[in-house]
Amino acid sequence: MNKSNLNVLNYSRIALVGDSYTQHGWWPVEVIHTLATHTPRLNVKIFNCGIGGDTMRGASKRLNWDVAPLEPTHLFVLLGINDCRYTRYQCKADFSTEIANWPNVFKIYEKSLYSIVRYSLNNNWQLLLGTPILLPESVDSIYDVQRINEVLAGFADIVRKISCERNIILVDLNEQMQSVYKSWHGSAEKDLFSSDYIHPNQLGYRIIGRLFLKELGFQVNVPKSVTEGKDKFSVFNRTEQQIFAIEQKIRHCAFLEYRMIEDRIVNITEKEKVQYWQNLCNQEKTPDWLCCTIKDWIVWHNQIGQLHKELENLQ
């Protein structure tokens, strides 16, 4: 990608489709921050379309109701960690029972990505495809990271292949992040990732945002140490914090709407929806994070249009 390709982003509306890396990650805000700071004349709107726990197949089924109404000009897709569903939640001792299902994982991922490509082309959206990043090796992780990374590497190859076949812009975060791990001299897992060793921390997310911009041709610095990272990154301002807060409300609502569709809970009234989620929230087995998401949905689901308007005004 060279500088001339940046012209295609002018007056663009870019929808970022992904999982929890995108929904809860700071990297979309890092992109907004950098665009506003370094290229204020480049009129670009960024939309966070991440849903925690989503897969490539799941994303292919929600483009029509979750993304299309935003009228994007560009679509960036970054998915993979949850597509490793036969490995993602498997501890090392249990992993062998699921290995026979691996071939289907790659077939489903590839078929679903092709579906997203077709839908995007039919809607005249310019595509940008991201390769899923590998996890850093960690002795403390309860997951078989080596096996998970084998699957993620396979997904990355699929993304590269389809990008080449269809002449789609490739944002190779997989390759770029591996270079970051090497430059971190073995401490990436504790410096760039949260305690679950699956999700990046704020610094890790911001590096992903920088790599995304770098792959698009922006001249940005990617730090090689925590100390350098603190020097290179400025603190998000109040407006950017507001953007992140509003995005989370919108995505919480999308997450629950998505879950209802997946659970085939359709054609019910708004009152019945509220009752459904309140009942779930009152169950002891429901985790705290889901209860918080449900409470956000109850407050905000009827005001999505207002939230989107506030978000556009802030960008």
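**Strand partners and a helix crossing**

Colleague: Which residue in S5 is the bridge partner of glycine 130?

Modeller: Valine 171 is the partner of glycine 130. This is a predicted model, where local features need pLDDT of at least 70, side-chain atom pairs count only at pLDDT 80 or more, and totals for chains, interfaces and linings use all residues. Residues are numbered from 1 along each chain as its sequence is written, and side-chain values use heavy atoms, leaving out hydrogens and water.

Colleague: What makes S4 and S5 (residues 169–171) paired strands?

Modeller: Pairing takes at least two bridges found by DSSP, and S4 has three to S5, running parallel. Strands here are DSSP runs of E, at least two residues, numbered from the N terminus, while helices are runs of H or I, at least four. S4 also has four bridges to S3 (residues 74–78), again parallel, with leucine 75 partnering leucine 127.

Colleague: Why is S4 (residues 126–130) called mostly covered?

Modeller: Four of its five residues are buried, that is, under 20% relative accessible area with a 1.4 Å probe, counting protein chains only.

Colleague: How would you describe H6 (residues 173–183) against H8 (residues 202–215)?

Modeller: Their axes (lines fitted to C-alpha atoms over the stretch in contact) come within 10 Å and cross at roughly 125°.

Colleague: Which residues of H6 make the contact?

Modeller: With heavy atoms within 4.5 Å as the test, Leu173, Gln176, Met177 and Val180 do.

Technical notes:
Axes fitted to C-alpha atoms, helices over the stretch in contact; angles between N-to-C directions. Buried < 20%, exposed > 50% of the residue type's maximum accessible area, 1.4 Å probe, protein only.
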